[in-house]
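Here is a short briefing for a first look at this structure. Start with the overall picture, then move to the helix pairs.

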Amino acid sequence: MIQNLYDKATSAVYLNNNTGDWFRTTVGVRQGCVLSSTLFNIFLERIMTDALNEHEGIVSIGGRNITNLRFADDINGLAGREEDLADLVERLDKTSTAFGMQINAEKTKLMTNNTNGFSTDIRVNGEKLDCVNRLKYLGAIITDEGSKPEILARIAQAKAALAKLKTIWNDKNIALSSKIKMMRSLVMSIFLYACESWTLTADTERRIQAMEIRCLRKLLGITYRDHISNEEVRNRTRQAIGHHEDLLTTVKRRKLKWYGHITRSSGLAKTILRGTAQGGRTRSRQKKRWEDNIPEWTGMTLGAATRKTERREEWRELVARSSVAPQRSTKTTG
C-alpha cells in the first residue's frame, strides 16, 4: 500500500517563484511525510536483526546479554572481548552494505576500559577505527573521568548562551523578574540537559552553585568588586521573583525523580542500573558511582531508598526534602 502511494510519483524543485523540471521519485518519501520515521525504524530494525543473527554477546548485566544500545541511527555496540567487538562491527558493516547503507567510519569510534587499549585493528569500509577516551554521544560527553567533563562543558555552554543575550540583560526597560525568568528558560535549560545521568561530587556541586550565582550577578549588574555577598544576591533574586528553586536543587530533584521512575519500571534501564556485570573494581581509590548519590542525599541505604520508591507519595516527599541544597554564603568566583 505504501509503495502504491508513491507509484508513478513525480517531483519538482520550486525556487524563486520558478518550478524546475519534473522527475520521477524513486527513492525515499515526500518531505515531511509522517511515515518517514516509522519506515526508517523498521528498516534499521531489519538491518540489526540480520546483523545480530547467531551473534551471542558476552556482556551480561543482571543475567541479560546486551550487545547494543540504540537511539534512532546512533548505535552503541557492546562486547566483552576485542574479537567479539571486531565480529560485531564486521557484521554491521556487511549487513548495512547489503541494504544499501554505509557506516561512517570517521564518526565511528572505539572505547575500552582496558588500560592497555586495543591490540586488534577494527575496520569499517577498509578504514581503521580510532580508539578514544572521550566521545560525545547524544549531546553528552562520555568519558572514563566520570561526569565532571560533561558538567564543565555544560557550564561553559550556559555561560556562552548568557553572553549572547547581554543586550537583554543590559536593557533597562525589561523588568528584573522577566530577565530572571528568561535566563532560567534560555540559559539554565541548556545546562540541565541530561543532568539526571550525572554523578555529583562536592567539587561539581560547588561549581554548579558558583555558575548560578555568576549568572544572577550578571542580571543584577553586580560585580565581585562591589563586595556584595552571595546571600544578598539570592535575597534580591527572591525579591524579584519570589521563592524559587536553585539550580543545584533542580539537578538533585531531577536525578532522584528519575531514579524513582527507573526502579518502578521493568525495562532495560532498570536492568542496567540494578544488575551486576562480570569483573570487579580495582583496589585503588574507588570512583564515585551514579547510585552513590542516592543514599548520600536521602540518608537511607540504597535498598531502603529503592523500597521507598514503590510508595509514590512518600517518595515525592523524600525527594522534596533530600534535593534541597545547602547555600554557600561566601563570595565565589564562578
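UniProt positions are given here in the numbering used for this chain, and such annotations may be inferred rather than shown by experiment. The model is predicted. The UniProt record, an unreviewed entry, annotates residues 1-142 as "domain: Reverse transcriptase".

**Overall build**
- The protein chain has 14 helices and 14 strands.
- Its C-alpha trace spans about 70 × 65 × 40 Å along the principal axes.
- The radius of gyration of the protein chain is 25 Å, whereas a compact globule of 334 residues would have one near 20 Å.

**The annotated stretch**
- Residues 1-142 carry the reverse transcriptase annotation in the UniProt entry.
- Over these residues the chain is 27% helix and 25% strand.
- The end C-alpha atoms of the stretch are 43 Å apart.

**Helix H8 and helix H6**
- H6 covers residues 176-186, and H8 covers residues 202-220.
- The two helices pack at an angle of about 145 degrees, and their axes are 10 Å apart.
- The crossing of H6 past H8 is right-handed.
- On the H6 side, the contact uses Leu176, Lys179, Ile180 and Met183.
- On the H8 side, Cys215, Leu216, Leu219 and Leu220 take part.
- By class, the residues of the contact of H6 with H8 are seven nonpolar, one charged and no polar.

**Helix H8 and helix H4**
- H8 also packs with H4, which covers residues 148-164.
- The axes of H4 and H8 come within 11 Å and cross at roughly 0 degrees.
- Angles under 35 degrees count as roughly parallel, so H4 and H8 are roughly parallel to each other.
- H4 brings Lys148, Ile151, Leu152, Ile155, Ala158, Lys159 and Leu162 to the contact.
- H8 brings Asp203, Thr204, Arg207, Ile208, Met211, Arg214, Cys215, Lys218 and Leu219.
- The residues of the contact of H4 with H8 divide into nine nonpolar, six charged and one polar.

**Helix H10 and helix H14**
- H10 covers residues 247-264, and its axis comes within 9 Å of the axis of H14.
- The axes cross at roughly 155 degrees.
- Angles over 145 degrees count as roughly antiparallel, so H10 and H14 are roughly antiparallel to each other.
- H10 passes H14 in a right-handed crossing.
- Lys252, Arg253, Leu256, Lys257, Tyr259, Gly260 and Arg264 of H10 meet Arg312, Trp315, Val319 and Ser322 of H14.
- The contact of H10 with H14 has five charged, four nonpolar and two polar residues.

**Glu310 in its loop**
- Where is Glu310 placed? Glu310 lies in the loop between helix H13 (302-309) and helix H14 (312-322).
- Not counting residues up to four places away in sequence, Glu310 touches Thr263 and Arg264.
- Glu310 and Thr263 are 47 residues apart in sequence, and their C-alpha atoms are 8.2 Å apart in space.

Note on methods: Residues are numbered from 1 along each chain as its sequence is written. This is a predicted model: local features need pLDDT of at least 70, side-chain atom pairs count only at pLDDT 80 or more; totals for chains, interfaces and linings use all residues. Side-chain values use heavy atoms; hydrogens and water are left out. Helices (H or I, at least four residues) and strands (E, at least two) are DSSP runs, numbered from the N terminus. Axes are lines fitted to C-alpha atoms, for helices over the stretch in contact, and angles run from 0 to 180 degrees between N-to-C directions. A crossing is left-handed if the near helix is turned anticlockwise from the far one by less than a right angle, and right-handed if clockwise. Contact means heavy atoms within 4.5 Å. Ala, Val, Leu, Ile, Met, Phe, Trp, Tyr, Cys and Pro count as nonpolar, Asp, Glu, Lys and Arg as charged, and the others, Gly among them, as polar. Angles under 35 degrees count as roughly parallel, over 145 as roughly antiparallel, 65 to 115 as roughly perpendicular and the rest as oblique. The radius of gyration is taken over C-alpha atoms; the globule rule is 2.2 Å times the number of residues to the power 0.38.
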